Amino acid sequence: GPALSKIDREPPPQLAYGTAGFRCDATQLVIAMERVGMLAALRSRDRDGLKIGVMVTASHNPHRDNGVKIVDPTGAMLAQAWESKAEKVACCPESQLLETLASVAEGEAASASVVIGRDTRAHSRALSQRVRAGAEALGARVEDVGVVTTPQLHHCVRAANGFSPVVKGPLYGYADALVDAFEALLKTSPHKTGRPDSTVVVDCAGGVGAFGIHQLRRRLEERGLASVLSLRAANIVREAPLNHQCGAEHVQKQRLPPKNLSRRDLGAPNLRGCSVDGDADRLVYWFHGLSNFEIVDGDKIASLLAVFIARELAAAQPLIGTPSLGVVQTAYANG
């Protein structure tokens with residue numbers, strides 16, 4: 001937008017890089033985004049030229065905000081040791097930029113490669129172009145995968161670097177890989193055929209998650225699995241303001257149904273639902289009980305998974321012995 005078209009050379013804002021990356025009002029990020037592109041190029045050289053991901057998003061924040069998350073070659077978050085380097089590069093005065101870049105550069109690979117994705121915010125395209133400019137300024141090759149969810153970008157980076165099998169199809173076969181895994185999971189279930197309550201309503205928070213849900217729904221239908229799992233996207237782009245009274249943050253914090261998805265809106269009392277956030281890397285499940293709105297948050301999801309895995313391990317005990325199983329609970333579990 002117009003607020004992002006003016007690029008001044010005042011000292012950049014002092015930003016802190018953490019689990020959420022950099023995040024603030026979008027108008028303050030122009031210079032920082034260029035610097036992030038530069039840092040990604042340096043990180044790629046440090047990792048022998050492997051691809052580094054950069055996701056332009058402010059996740060569950062309001063639309064006026066934006067931000068950036070850096071993805072390491074394995075698809076993991078940026079190594080913690082590089083978070084302070086990201087802060088130095090993003091926040092240093094322009095007069096000290098070359099010196100700062102030289103101080104954080106460690107790798108000697110001849111080439112660098114950066115993969116850029118973005119969410120649906122109006123200013124994300126312009127900011128992703130700033131990331132591209134910074135990366136190319138340091139000689140990196142740039143692949144722009146466009147509007148994607150944060151998990152999709154993580155998958156693209158991991159697959160492009162050879163850390164997971166590459167499945168043919170858009171975004172390195174992201175949707176097909178998920179459906180493959182779902183089919184494998186079904187083999188462990190006694191319920192392999194359709195059921196009357198197969199629909200799951202997905203509250204997409206007015207964000208990019210809707211595109212991923214449409215892709216998954218098509219793959220499920222193509223493989224004849226729609227009777228087992230039928231996905232219905234709600235609060236899609238332009239149907240609801242981004243993260244406003246909808247999405248995982250709203251549901252989990254307010255303990256309220258998402259906008260447009262009350263019992264009356266759904267038209268059926270027994271439909272199951274889930275909510276993601278603006279970049280679809282956060283998830284809570286929910287349903288309308290007999291009298292209350294019930295939430296299956298991160299702690300409950302982890303508990304259900306642990307119970308399932310424990311049963312599978314017990315069944316496999318004659319083959320693998322007696323393994324141990326642990327569950328790590330963190331503040332990011334959305335519990």
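## Aromatic pairs

Phe-22, at 1% relative accessibility, counts as buried in this predicted model, and Tyr-17 is likewise buried, with a relative accessible area of 8%. These two residues, Tyr-17 and Phe-22, form an edge-to-face aromatic pair, with 5.0 Å from centre to centre and 90° between the planes. A pair of aromatic rings is described by the distance of the centres and the angle of the planes, and the structure holds two such pairs.

The other pair joins Trp-286 and Phe-293, whose rings are tilted, at 5.7 Å centre to centre and with 40° between the planes. Trp-286 is buried at 2% relative accessibility, and Phe-293 also counts as buried, its relative accessible area being 17%. Apart from the ring pairs, the face of Trp-82 has Lys-85 lying over it, at 4.3 Å from the ring centre.

## Confidence

The average pLDDT of the chain is 89, and 93% of the residues score at least 70. Over residues 1-8, however, pLDDT stays under 50, and for this stretch the model has ten contacts beyond four places in sequence. Where pLDDT is low, the predicted coordinates should not be read in detail.

Helix H2, which covers residues 30-46 and has 17 residues, reaches 25 Å from its first C-alpha to its last, close to the 24 Å expected at 1.5 Å a residue. Of the 17 residues of H2, 17 are buried, so the helix is largely enclosed by the rest of the structure. Just after H2, Asp-48 takes a positive phi of about 60°.

Helix H8, residues 209-222, has 14 residues and reaches 20 Å between its first and last C-alpha, close to the expected 20 Å at 1.5 Å a residue. The buried residues of H8 are Gly-209, Ala-210, Gly-212, Ile-213, Leu-216, Arg-219 and Leu-220. An α-helix has 3.6 residues a turn, so residues three or four places apart point the same way. What covers the buried residues of H8 includes the helices H6 (150-160) and H7 (170-186), together with the strands E6 (199-203) and E7 (230-234). Just after H8, Gly-224 takes a positive phi of about 70°.

Leu-231 has its place in strand E7 and is buried, with a relative accessible area of 11%. Not counting residues up to four places away in sequence, Leu-231 touches Val-200, Val-202, Ile-213, Leu-216, Arg-217 and Leu-220; among the buried residues of H8 are Ile-213, Leu-216 and Leu-220. Between Leu-231 and Pro-241, which are ten residues apart in sequence, the distance in space is 21 Å, C-alpha to C-alpha.

Thr-149 is found in the loop between strand E5 (141-147) and H6, where this residue is buried, with a relative accessible area of 4%. Leaving aside neighbours within four places in sequence, Thr-149 is in contact with Met-55, Val-208, Gly-209, Asp-279 and Ala-280, and Gly-209 is one of the buried residues of H8.

## Loop residues with positive phi

Most residues other than glycine have a negative phi, and most peptide bonds are trans. Ser-59 is not a glycine, yet has a positive phi of about 55°; Ser-59 lies in the loop between strand E2 (51-56) and strand E3 (65-71) and, at 3% relative accessibility, counts as buried.

Arg-238, which is not a glycine either, has a positive phi of about 70°. Its place is in the loop between E7 and helix H9 (247-254), and at 79% relative accessibility Arg-238 counts as exposed.

## Cysteines

With sulfur atoms required to lie within 2.5 Å of each other, the count of disulfides comes to zero.

Key. Residues are numbered from 1 along each chain as its sequence is written. This is a predicted model: local features need pLDDT of at least 70, side-chain atom pairs count only at pLDDT 80 or more; totals for chains, interfaces and linings use all residues. Side-chain values use heavy atoms; hydrogens and water are left out. Helices (H or I, at least four residues) and strands (E, at least two) are DSSP runs, numbered from the N terminus. The expected span of a helix is 1.5 Å times one less than its number of residues. Buried means under 20% relative accessible area, exposed over 50%, partly exposed in between (1.4 Å probe, protein chains only). Contact means heavy atoms within 4.5 Å. pLDDT is the predictor's confidence in each residue, from 0 to 100. Rings of Phe, Tyr and Trp (its six-membered ring) pair if their centres lie within 6.5 Å; planes under 30 degrees apart count as stacked, over 60 as edge-to-face and the rest as tilted. A charge sits over a ring if NZ of Lys or CZ of Arg is within 6 Å of the ring centre and within 35 degrees of the ring normal.
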